[in-house]
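Open the model in your viewer and keep the selection tool ready. The tour goes residue by residue, then pocket, core and whole chain.

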Amino acid sequence: MDLSVTLSGQTHDLTLKNPILTASGTFGYGLEFATYGDLASLGGMVVKGLSLQAREGNPTPPIVETTAGVLNEGVLQNDGVDVFCVQKLPMLPWQETPVIANIYAASVEDFGQLAARLNDEEGVAALEVNVSCPNVREGGIAFGQDPRMLAQVTSAVRGA
C-alpha cells in the first residue's frame, strides 16, 4: 500500500514515504529515539528548534508529569545550528527519511541567517519556522501574532 505524501513547495516538492512526522518540540534531535524504533521508517523527522547560537534553556528535567497531563518547559534549549549540522545531522538517516529543521530566532535577521545556513546543508530537506513559541520573551509568539512581523520573517527565510 502506497502511503506517500507530497508536500508542494514553490521551488521543489518534498515527498514523504508516509504521513508520519515527529513533532519538533517532543523528538529532540531524533537520535534520542533511535533505540525505540527504526527512524528510517518515519515519513519525516522534525528536529527540535535550532538557533544560531547554543541556548541553555531551563534546568532538567524540562518535562514534568502532572495529574492533568505533562508540562514542557524546555524553552528551546539546543546546541546551536552549527553543532547540529556537524555532529547530529550526519548521524540521522536523512538519505531515507527527510529531516525538517525547526528554526527559532529572536529577530527577523537571525531567521534569515538560519535559513541561509541550512539552505545548502545536505540532509536538511525543509525548514519549519517556529513563530509560535509562547515560552520565550524575545521572538517566539510575538512573530506569529503580528501579521506584518510574520510577513517579514517569511520574506527573510524565503529570501535566504
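Start with Ser132. Ser132 is exposed, at a relative accessible area of 51%. Exposed means over 50% relative accessible area, buried under 20%, and partly exposed in between, with a 1.4 Å probe and protein chains only. Ser132 sits in the loop between β7 and α3. Ser132 and Ala142 are 10 residues apart in sequence and 7.5 Å apart in space, C-alpha to C-alpha.

A note on what you are viewing. This is a predicted model, in which local features need pLDDT of at least 70, side-chain atom pairs count only at pLDDT 80 or more, and totals for chains, interfaces and linings use all residues. Residues are numbered from 1 along each chain as its sequence is written, and side-chain values use heavy atoms, with hydrogens and water left out.

Select Asn130. Asn130 lies in the loop between β7 (124–129) and α3 (141–145). Helices (H or I, at least four residues) and strands (E, at least two) are DSSP runs, numbered from the N terminus. Is Asn130 buried or exposed? Asn130 is buried, with a relative accessible area of 11%. Show its contacts, leaving aside neighbours within four places in sequence: Leu76, Asn102, Ile103, Tyr104 and Phe111. Contact means heavy atoms within 4.5 Å.

**The largest pocket**

Next, show the largest pocket. Its volume is about 760 Å³. A pocket, on a 1 Å grid over the protein atoms alone, is an open set of points where a 1.4 Å probe fits, with protein on both sides within 12 Å along at least five of seven lines; lining residues have an atom within 4 Å of a point. The volume is the space filled by probe spheres set on the points, which are joined across faces, edges and corners.

Select Thr11, His12, Ala126, Leu127 and Arg158. Of the 21 lining residues, these are the closest to the pocket's centre. Color α2 (108–119), β7 and α4 (147–159): each supplies at least two residues of the lining. β7 gives the most, with 5 residues. By type, the lining divides into 12 nonpolar, 7 polar and 2 charged residues. Here Ala, Val, Leu, Ile, Met, Phe, Trp, Tyr, Cys and Pro count as nonpolar, Asp, Glu, Lys and Arg as charged, and the others, Gly among them, as polar.

Stay on helix α4 and pick Gln152. Gln152 is partly exposed, at 45% relative accessibility. Glu109 is 43 residues away from Gln152 in sequence and 9.3 Å away in space, C-alpha to C-alpha.

**The largest nonpolar core**

Select Phe84, Leu92, Phe111 and Leu118. Of the 26 residues in the largest nonpolar core, these touch the most other members. Such a core is a set of buried Ala, Val, Leu, Ile, Met, Phe, Trp, Tyr and Cys residues joined through side-chain atoms within 4.5 Å. Two or more residues each come from β3 (45–50), α1 (81–88), β6 (99–103), α2 and α4. The largest share, 5 residues, comes from α2.

Zoom in on Phe84. Beyond four places in sequence, Phe84 is in contact with Tyr29, Val47, Leu50, Leu89, Pro90, Leu92 and Val99.

Move to Met91, in the loop between α1 and β6. Met91 is exposed, at 58% relative accessibility. Leu31 lies 60 residues from Met91 in sequence and 7.4 Å in space, C-alpha to C-alpha.

**Zoom out**

Show the whole protein as a cartoon. Count 4 helices and 7 strands. From the N terminus on, the order is β-β-β-β-β-α-β-α-β-α-α. Buried residues make up 37% of the 160 residues.
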